[in-house]
Amino acid sequence: MGTQENIRLLLEDGYSQEHTGEQFTGDGSTDLKGNPVLKSKTGNWRACPFILGTECCERLAYYGIATNLVTYLTTKMHQGNAAAARNVTTWSGTCYLTPLIGAVLADAYWGRYWTIAVFSMIYVIGMATLTLSASVTAFMPAECVGSVCPSATPAQYGVFFLGLYLIALGTGGIKPCVSSFGADQFDDTDPNERVKKGSFFNWFYFSINIGAFVSSTVIVWMQENAGWGIGFGIPAIFMGIAIASFFSGTPLYRFQKPGGSPLTRVCQVLVASFRKWTLDVPLDNSQLYETPDKHSAIEGSRKLEHTEELTCLDKAAVVSEADMKIGDFSNPWRLCTVTQVEELKILIRMLPVLATGIIFSSVYAQMSTMFVEQGTVMDRTIGSFTIPAASLSTFDVISVILWVPIYDRILVPIARKFTGKERGFSELQRMGIGLFISILSMVAAALVEIKRLQLAKELDLVDKKVEVPLNIFWQVPQYFLVGAAEVFTFVGQLEFFYDQSPDAMRSLCSALSLLTNSLGNYLSSLILTIVTAVTTSGGGPGWIPDNLNNGHLDYFFWLIAGLSFLNFVVYVFCALKYKQKKAA
């Protein structure tokens, strides 16, 4: 066993086999059985079509439910506008909260491949359950009779929300792992593959939006014209295709070994530093404890260089007199390596950047809630054809599909000439640009709503729950701006939380980036609840009544725009203070 381990370590250093002349990966990646893998036969772009295909089909399934869910809740489950919006954002928030579960399982025990495989099965069961809830008469509320719409029974709500939240659980093992698993296919020790990895994140997000494009056009149309059973059933089929695509690429994949529970390692640093609270940190950081050999004590991780901040945590790596007497340095609850301490420092440094993504996610959440509700009271007809309000999210997708190649093929080469960076912009610069564009999207939405309300007043439609003759295509700029903001901010987050995370915490850090989406949706729900309570307290209709012609949805958009501007200012400050990770 010792000889095999030595060979493995040599291969991780990138040595070539003399008898073949082929080079192994230098980042410690293996095949499914744990054997070192050759660069020429695995990973790189040859493995990516299967992963990108998986993501495209899975996102088609997800957005096939999410894009028009608010319409299903209002028209079929007979909920009010505010209640439907809260349910959608709460569910969406949960979909971005459950990745913490999948991330811990992937980093600590199962690895990314098996985590994706197991949670995909849960996802399919949830899709099937939701399809049944919209297909079987007993599971569906009765149709409206005139203006009287019977509420769904507890059993009907139970089946519907069971399917919905099984999907939320299923996404928990897929979302934090697929992008990281795709990035794992590129050797981080190879400069050429490292540049390709940056491009991978762009095309990963491109594939997401191809799936979203089909959902927001074909699937939404089928839901409103062919029936919700079919409209939910087709996404379920595509989820099955996603699973088949994922398993098809298994022989080509590169796998990273799980490094043990990241949460346990964090706790170990906190406990060890607390135990040694009275000790002084030596001025010479070389006196802090680290394994003597080249490789980290953490499976699947490179060593990290010591940084001169948060020195209180360095106490966990101080070798005390008691440690010297015992002579046993293997108990991480008493003594941690510098690398383990630096892992926690990196997580803490990421938190301010993480927090500034929450408001952006609240902006993004408006596309599936307030943008849709705004669209339902605008003129949606073209001849005899009625455009589903949710289909306008197609322009968000088109924006992304246009911006990804523009960014990857035009903006990056131009920016590279000025910045000298491999990827043109740094991840932090890229995210900042997106945050600024998101402010403009909310301003555009507010201006459209002002115009719509003015027209409603002029035509004496304020007290009538009817469409205002303002063409729905006035919404295109706000959707297009959100799409542009996504390409900069969301893709920048994917890069940032993969590259800056410790090697053995990449799924966890990807989950933390997704957590901003969850918190953004919850924040949107909270803002809606507060706005509704405050603006209706005097007995008035409030900003967001069921009859939007008698409300002030524009005030809500201005509120989100103002919060986004304050968030942008805080982000710039945090980005300027951020210190990059340094791998030894």
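Pro150 is partly exposed, with 31% relative accessible area, where buried means under 20% relative accessible area, exposed over 50% and partly exposed in between (1.4 Å probe, protein chains only). The model is predicted, so local features need pLDDT of at least 70 and side-chain atom pairs count only at pLDDT 80 or more, while totals for chains, interfaces and linings use all residues. Residues are numbered from 1 along each chain as its sequence is written, and side-chain values use heavy atoms, with hydrogens and water left out.

Pro150 is located in the loop between α5 and α6; helices (H or I, at least four residues) and strands (E, at least two) are DSSP runs numbered from the N terminus. Between Pro150 and Gly172, the C-alpha to C-alpha distance is 34 Å, at a sequence separation of 22 residues. Pro141 is also placed in the loop between α5 (99-133) and α6 (154-183). Pro141 is buried, its relative accessible area being 10%. The C-alpha atom of Pro141 is 7.2 Å from that of Thr153, which is 12 residues away along the chain.

Two loop residues were examined for backbone phi. Most residues other than glycine have a negative phi, and most peptide bonds are trans. Leu310, a residue other than glycine, has a positive phi near 50°. Leu310 belongs to the loop between α9 (262-275) and α10 (321-326) and counts as partly exposed, at 32% relative accessibility. Asp460 is not a glycine either, and its phi is positive at about 60°. The loop that holds Asp460 runs between α14 (427-458) and β4 (468-471), and Asp460 is exposed, with a relative accessible area of 57%.

Aromatic contacts were then considered. A pair of aromatic rings is described by the distance of the centres and the angle of the planes. Rings of Phe, Tyr and Trp (its six-membered ring) pair if their centres lie within 6.5 Å, and planes under 30 degrees apart count as stacked, over 60 as edge-to-face and the rest as tilted. Over the whole structure, 43 aromatic pairs are found. One of them joins Phe371 and Tyr479 in an edge-to-face arrangement, with 5.2 Å between centres and 80° between the planes. Because Phe371 lies in helix α12 and Tyr479 in helix α15 (residues 476-499), this pair ties together parts that are 108 residues apart in sequence. Phe371 is buried, at 0% relative accessibility, and Tyr479 is likewise buried, at 0%.

Charges placed over rings were assigned where NZ of Lys or CZ of Arg is within 6 Å of the ring centre and within 35 degrees of the ring normal. Lys315 is positioned over the face of Trp277, 6.0 Å from the ring centre. Arg506 is positioned over the face of Tyr498, 4.1 Å from the ring centre.

The structure has zero disulfides, a disulfide being a pair of cysteine sulfur atoms within 2.5 Å. Cys48 takes part in no disulfide, and the nearest cysteine sulfur, that of Cys56, is 14 Å away. Cys48 is buried, at 0% relative accessibility. For Cys56, the closest cysteine sulfur is that of Cys57 at 5.4 Å, which is too far for a bond.

Rolling a probe the size of a water molecule over the atoms shows where empty space is left. On a 1 Å grid over the protein atoms alone, a pocket is an open set of points with protein on both sides within 12 Å along at least five of seven lines, unlike a cavity, where a 1.4 Å probe fits but cannot get out; lining residues have an atom within 4 Å of a point. Grid points are joined across faces, edges and corners, and a volume is the space filled by probe spheres set on the points. The second largest pocket has a volume of about 550 Å³. Its lining comprises 22 residues, with Thr74, Thr75, Asn81, Thr376 and Lys465 nearest the centre. Two or more lining residues come from each of α3 (69-75) and α12 (370-376), and α3 gives the most, with four. By class, the lining of this pocket has eight nonpolar, eight polar and six charged residues. In this classification, Ala, Val, Leu, Ile, Met, Phe, Trp, Tyr, Cys and Pro count as nonpolar, Asp, Glu, Lys and Arg as charged, and the others, Gly among them, as polar.
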